[in-house]
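Grab a pencil and get ready to look closely at some side chains. Try each exercise yourself before you read its solution.

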Amino acid sequence: DLHSFPTRRSSDLRNLLFRDETTDLETTVGVLRYCIEMTPLAAMPAPKYSLGIPEEAFTITVTVWRVTNISVYRDSGQRNDVAVLGRLLVHDGKNQELHFDRATDTHSWAHRDASFNYTWTFQVSAPVRACMLALKLVDKDAYTSDDLIYAPVVVPLDHMFQIGRAH
């Protein structure tokens, strides 16, 4: 029987660290949650994550207003051309991985603060295996690649679906 092989799962939490290039000190800036699954090749296809729960459509709305207290500068003159990049990562109930990218405009010549007024919307169907929003603060450069100002932040949204379905 091909489906008699057990699927082995491992999940863990890891701290994300940011190393300051000047002082060489590490600071915890987030947590990485991951799950690794191993299924023998003979047992393919991998088991689906069907919970028998009907799908329900949700709209996720993210508003980016401002960034304050910036203290890392990637351009000369203690300034950045700041933009916020977002990626919604969804592992849906059909075992598919989806991602949706969004970005703000660029606040040029920003020192300690950068202002925006951006609203991002995402359409997602529940149930989901995992849903998270990754946010990056970057210094946009005209002729070179964007410079990361701070380590990316990952905001887990899984629990929001449970709350949304309950109400």
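Predicted model: local features only at pLDDT ≥ 70, side-chain atom pairs only at ≥ 80, totals over all residues.

**Exercise 1.** How do the ring planes of Phe100 and Phe122 sit: stacked, edge-to-face or tilted?

*Solution.* 
- Step 1: check the distance. Ring centres have to lie within 6.5 Å to pair, and these two are 6.4 Å apart.
- Step 2: check the angle. Under 30 degrees would be stacked and over 60 edge-to-face; the planes here are at 55°, so the pair is tilted. The count of aromatic pairs comes to 1.
- Step 3: Phe100 belongs to strand E5 (residues 97–103) and Phe122 to strand E7 (residues 114–126), so the pair ties together parts 22 residues apart in sequence.
- Step 4: look at the surroundings. Phe122 is buried at 1% relative accessibility, whereas Phe100 is partly exposed at 26%.

**Exercise 2.** Which residues meet Arg79 in a salt bridge, and which ring does its charged end sit over?

*Solution.* 
- Step 1: The side chain of Asp81 forms a salt bridge with Arg79, at 3.0 Å from N to O.
- Step 2: find the ring. The charged end of Arg79 sits over Trp109, 3.8 Å from the ring centre.
- Step 3: buried or exposed? The cut-off for buried is under 20%. Arg79 has 13% relative accessible area, so it's buried, and Asp81, at 13%, is buried too.

**Exercise 3.** How many salt bridges are there, and where do Asp101 and Arg87 lie?

*Solution.* 
- Step 1: get the count, which is 3 salt bridges.
- Step 2: take Asp101 and Arg87, whose side chains meet at 2.6 Å, N to O. Asp101 is in strand E5 and Arg87 in strand E4 (residues 80–92), so this bridge ties together parts 14 residues apart in sequence.
- Step 3: Asp101 is partly exposed at 41%, and Arg87 is partly exposed at 33%.
- Step 4: Asp146 is partly exposed at 34%, and so is Lys140 at 29%.

**Exercise 4.** What does the side chain of Thr104 reach, and is Thr104 buried or exposed?

*Solution.* 
- Step 1: locate Thr104. You'll find it in the loop between E5 and strand E6 (107–110).
- Step 2: follow its side chain, which reaches the backbone nitrogen of Val84 at 3.0 Å.
- Step 3: look at who it touches. Leaving out residues up to four places away in sequence, Thr104 contacts Val64, Ala83, Val84, Phe116, Tyr118 and Trp120.
- Step 4: decide on burial. Thr104 has a relative accessible area of 9%, so it's buried.

Notes
Residues numbered from 1 in each chain as written. Heavy atoms only, no water. Phe/Tyr/Trp six-rings, centres within 6.5 Å; stacked < 30°, edge-to-face > 60°. Helix = DSSP H or I, 4+ residues; strand = E, 2+ residues; numbered from the N terminus. Buried < 20%, exposed > 50% of the residue type's maximum accessible area, 1.4 Å probe, protein only. Lys NZ or Arg CZ within 6 Å of the ring centre and 35° of its normal. Polar contact = N/O pair within 3.5 Å; in protein donor to acceptor, adjacent residues only side chain to side chain. Contact = heavy atoms within 4.5 Å. Salt bridge = Lys/Arg side-chain N within 4 Å of Asp/Glu carboxyl O.
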